[in-house]
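Here are my notes on the model, point by point. Please read them alongside the coordinates.

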Amino acid sequence: MTIALTRGVQPTIVDCELTYLDREPIDFHRAVEQHEEYEKALADLGCTIERLPSLPDNPDSVFVEDTAVVLAELTIITRPGAPSRRAEVTSVADAMRRYRGLAFIDSPGTLDGGDVLTIGRAIYVGASTRTNADGIRQLAQLTTSYGYTVRTLTTSSCLHLKSAVTQVAEDVVLLNSDWVDSSAFEKMRLIEVHPAEPFAANALWIGDSVIYPTGFDETSARLERFGIKVVAVETGELQKAEGAVTCCSIIVGTGPFV
């Protein structure tokens, strides 16, 4: 069974943290509708939705991915780079205890889950404004004994590593090579985002499909030409908060070494 941990959109999302985008008005009710459509897409792909408690005072708490890194053997509870987000981790840790043993990133380390891309036994980590060298060091220390290798990547012009690259099939990544060095993924097949769609590299791989935001038609067509089934969801209001499709869930396989 696959669990998708999610958290509802809070009315305070209008006060979200922003790093690379200018603040725009966010239609809260439409954001809620879009998030519900996203959860339906997860459910349609076989995920069991588990809603985390609402956190009205935490504007970014819908973006649950940043609070945890889930591996087959354990879950690492992160220490988000934005101080305003650190209260989010307690409820995630409480939920994850049912599925995995826990380890924690401690001060002065910072680590956002959106900066972590695990492909097999390779863990790629973006050194960003939200993830620092000590957080990456701690992640390596916690995972090396399980056979993982941590590789640090530099990103530019984007919030997280997964803004620049995501895995979309067993041996395929979707990436914006202007934002991350594509040579780091030389053992994978590469799909480059369309040049006119720089924000199009974030996709959520579930089974034989990817959940993918509408509005990136050229890149979506490239995915489909590669034989990848695209499940389109609207995320325009969430994107104004620098959110994306991977951000809004923590995917947990409940079988052994999933």
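1. A search of the whole structure finds 15 salt bridges. The model is predicted. The charge count is 22 positive and 36 negative side chains, with the centres of the two sets 6 Å apart.

2. Start with the helical pair. Lys40 and Asp44 form a salt bridge, 2.9 Å from N to O. The two residues sit 4 apart in helix 1 (residues 28-44), so about one helical turn separates them. Lys40 and Asp44 are both exposed.

3. Which residue forms a salt bridge with Glu73? The partner is Arg121, and the closest N and O atoms are 2.9 Å apart. Glu73 is in the loop between strand 3 (68-70) and strand 4 (74-77), and Arg121 is in the loop between strand 6 (116-119) and strand 7 (122-127), so the pair ties together parts 48 residues apart in sequence. Glu73 counts as buried, at 19% relative accessibility. Arg121 is partly exposed, at 38%.

4. Arg189 and Asp171 also meet in a salt bridge, at 3.2 Å from N to O. Arg189 belongs to strand 11 (residues 189-192); Asp171 lies in the loop between strand 9 (165-169) and strand 10 (172-175), 18 residues apart. Both are partly exposed: Arg189 at 42%, Asp171 at 32%.

5. One network deserves a look. Arg30, Glu33, Glu37 and Glu234 are joined by salt bridges that share partners.

6. Now the overall fold. The protein has 6 helices and 15 strands. Its radius of gyration is 17 Å, close to the 18 Å from the globule rule for 258 residues, so the protein is as compact as a globular protein of that length. Buried residues make up 54% of the 258.

Terms used:
Residues are numbered from 1 along each chain as its sequence is written. This is a predicted model: local features need pLDDT of at least 70, side-chain atom pairs count only at pLDDT 80 or more; totals for chains, interfaces and linings use all residues. Side-chain values use heavy atoms; hydrogens and water are left out. The radius of gyration is taken over C-alpha atoms; the globule rule is 2.2 Å times the number of residues to the power 0.38. Buried means under 20% relative accessible area, exposed over 50%, partly exposed in between (1.4 Å probe, protein chains only). Lys and Arg count as positive and Asp and Glu as negative; His and the chain ends are not counted. The place of a charge is taken as NZ of Lys, CZ of Arg, CG of Asp or CD of Glu. A salt bridge is a side-chain nitrogen of Lys or Arg within 4 Å of a carboxyl oxygen of Asp or Glu.
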